[in-house]
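Q: Can you walk me through this one? I'd like the fold to start with, then how the chains meet.

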2 protein chains.
Amino acid sequence: MITILRIGHRISRDKRITTHVALVARAFGAEKIYIDQKDTKIEENLNSISDKFGGNFQIITGIDRKKILKDCEDTIVHLTMYGENLEKGIKKIDKKRNLLVIIGAEKVPPELYQIADFNISVGNQPHSEVAALAIFLDRYTKGAWINNKYNGKIEIIPKNRGKKVIIKD
Amino acid sequence: MITILRIGHRISRDKRITTHVALVARAFGAEKIYIDQKDTKIEENLNSISDKFGGNFQIITGIDRKKILKDCEDTIVHLTMYGENLEKGIKKIDKKRNLLVIIGAEKVPPELYQIADFNISVGNQPHSEVAALAIFLDRYTKGAWINNKYNGKIEIIPKNRGKKVIIKD
């Protein structure tokens with residue numbers, strides 16, 4: 001099981017970026033996201049997507065970060081541009097254990113670098129936590145996320161031109 | 001050469017998402033991004049990143065989309081959740097030709113599906129154009145983007161704990 005922990009979410013500034021982080025978590029094989037700041041709008045958005053497109057993705061906002069990290073028995077990975085090389089870091093992770101992936105917004109509290117079992121970088125150039133999470137989960141699942149089945153009311157069928165959508169009642 | 005064309009950018013709503021799209025373009029091996037709407041703030045942000053972190057990335061905002069597409073001699077790929085399967089689509093692209101990748105924000109004009117040589121999906125679940133671009137460029141470059149050299153004033157050295165940064169004058 002893969003859980004994402006989004007740290008430092010600010011409702012006004014980050015609403016779209018954090019929504020993208022949560023959607024990527026869902027689409028790339030995570031089962032749950034915690035967001036530190038309470039944000040019912042993002043909860044509604046994600047639950048509405050899951051209602052239409054299926055799956056069992058859980059979103060929980062307004063959590064006690066310190067308690068979650070204290071109680072956590074998963075392997076903890078913190079994605080940061082300062083971290084260890086992606087390929088090297090990912091090889092060290094025990095795939096049999098559950099995984100918690102921490103995604104910061106801008107600066108993160110320094111203690112997170114210590115709490116994490118692995119600080120991993122998705123390249124060392126500045127880019128995007130949305131992209132970093134996607135690439136990390138893609139590598140971690142060896143691309144298997146793309147075959148996940150969601151059994152939603154809406155299913156999109158791949159097509160080179162136009163749109164093919166199946167809508168079930 | 002890889003160029004990105006960002007369509008449907010709205011300054012107030014999309015500023016952070018489009019900034020992430022541009023940063024991903026730069027970090028994952030594209031050389032240029034066109035953004036349809038004029039946005040000097042995003043230009044300044046990206047040029048400031050390139051000034052510090054190096055490379056020759058170009059950002060041009062406020063362009064004539066129809067003219068650019070009409071004059072374009074590159075292979076045109078449009079990333080969309082309705083498109084053809086990623087692996088299948090990417091195999092069809094002639095890697096010897098230059099590439100233009102179109103990234104929409106929300107709905108895109110229907111003619112883009114026709115103009116594109118390939119409409120490619122990065123999974124068929126809703127997620128993020130930032131993630132879609134990163135995964136597409138990762139697959140297209142076979143992961144080679146991570147070894148690109150930027151020769152910037154600031155260089156970050158991968159490290160499992162803490163931060164190691166080289167700053168050159």
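A: Helices (H or I, at least four residues) and strands (E, at least two) are DSSP runs, numbered from the N terminus. With that, strand β1 (residues 2-7) and strand β5 (residues 99-104) of chain A pair in the parallel sense over six bridges. In β5(A), A:Ile102 is the bridge partner of A:Leu5.

Q: Where does this model come from, and how is everything numbered?

A: This is a predicted model, where local features need pLDDT of at least 70, side-chain atom pairs count only at pLDDT 80 or more, and totals for chains, interfaces and linings use all residues. Residues are numbered from 1 along each chain as its sequence is written, while chains are lettered from A and ligands numbered from 1 in the order in which they are written.

Q: OK. How many helices and strands are there in chain A?

A: Chain A has six helices and eight strands. Along the sequence they follow the pattern β-α-β-α-β-α-β-α-β-α-β-α-β-β.

Q: In what order do the strands of the open sheet sit?

A: The order in chain A is β3-β2-β1-β5-β4-β6, six strands with parallel pairing. β3 (58-61) and β6 (118-121) of chain A are at the edges with a single partner strand each, so one side of each has no neighbour in the sheet.

Q: Which helices lie across those strands?

A: Among them is α2 (residues 40-53) of chain A, which lies across β2 (32-35) and β3, running at about 175° to β3(A). Another is α6 (residues 129-140) of chain A, lying across β4 (75-85), β5 and β6 at about 160° to β5(A). For those angles, axes are lines fitted to C-alpha atoms, for helices over the stretch in contact, and angles run from 0 to 180 degrees between N-to-C directions.

Q: Switching to the interface: how many residues of chain B are in contact with chain A?

A: 38 residues of chain B are in contact with 38 residues of chain A (contact means C-beta atoms, placed from the backbone, within 7 Å). On the chain B side, α1(B) gives the most, with six residues. That side divides into 20 nonpolar, twelve polar and six charged residues. Here Ala, Val, Leu, Ile, Met, Phe, Trp, Tyr, Cys and Pro count as nonpolar, Asp, Glu, Lys and Arg as charged, and the others, Gly among them, as polar.

Q: And how are the two copies related?

A: A rotation of 180° with 0.0 Å of shift along its axis superposes chain B on chain A, RMSD 0.0 Å. The copies are thus related as by a two-fold rotation axis. In chain B, the C-alpha nearest the axis belongs to B:Ala131, 2.3 Å from it.

Q: What about A:Ile146, where is it and what does it touch?

A: A:Ile146 is in the loop between α6 and β7 (154-156) of chain A. Leaving out residues up to four places away in sequence, A:Ile146 touches B:Leu86 and B:Gly123.

Q: Does A:Ile146 count as buried, exposed or partly exposed, and why?

A: Partly exposed, because A:Ile146 has 19 C-beta neighbours inside 10 Å. A residue is buried with 20 or more other C-beta atoms within 10 Å of its own, exposed with 12 or fewer, and partly exposed in between, with C-beta atoms placed from the backbone.

Terms used: Two residues are in contact if their C-beta atoms, placed from the backbone, lie within 7 Å. Copies are superposed by least squares on the C-alpha atoms of residues with pLDDT of at least 70 in both. Two strands pair if DSSP finds at least two bridges between them.
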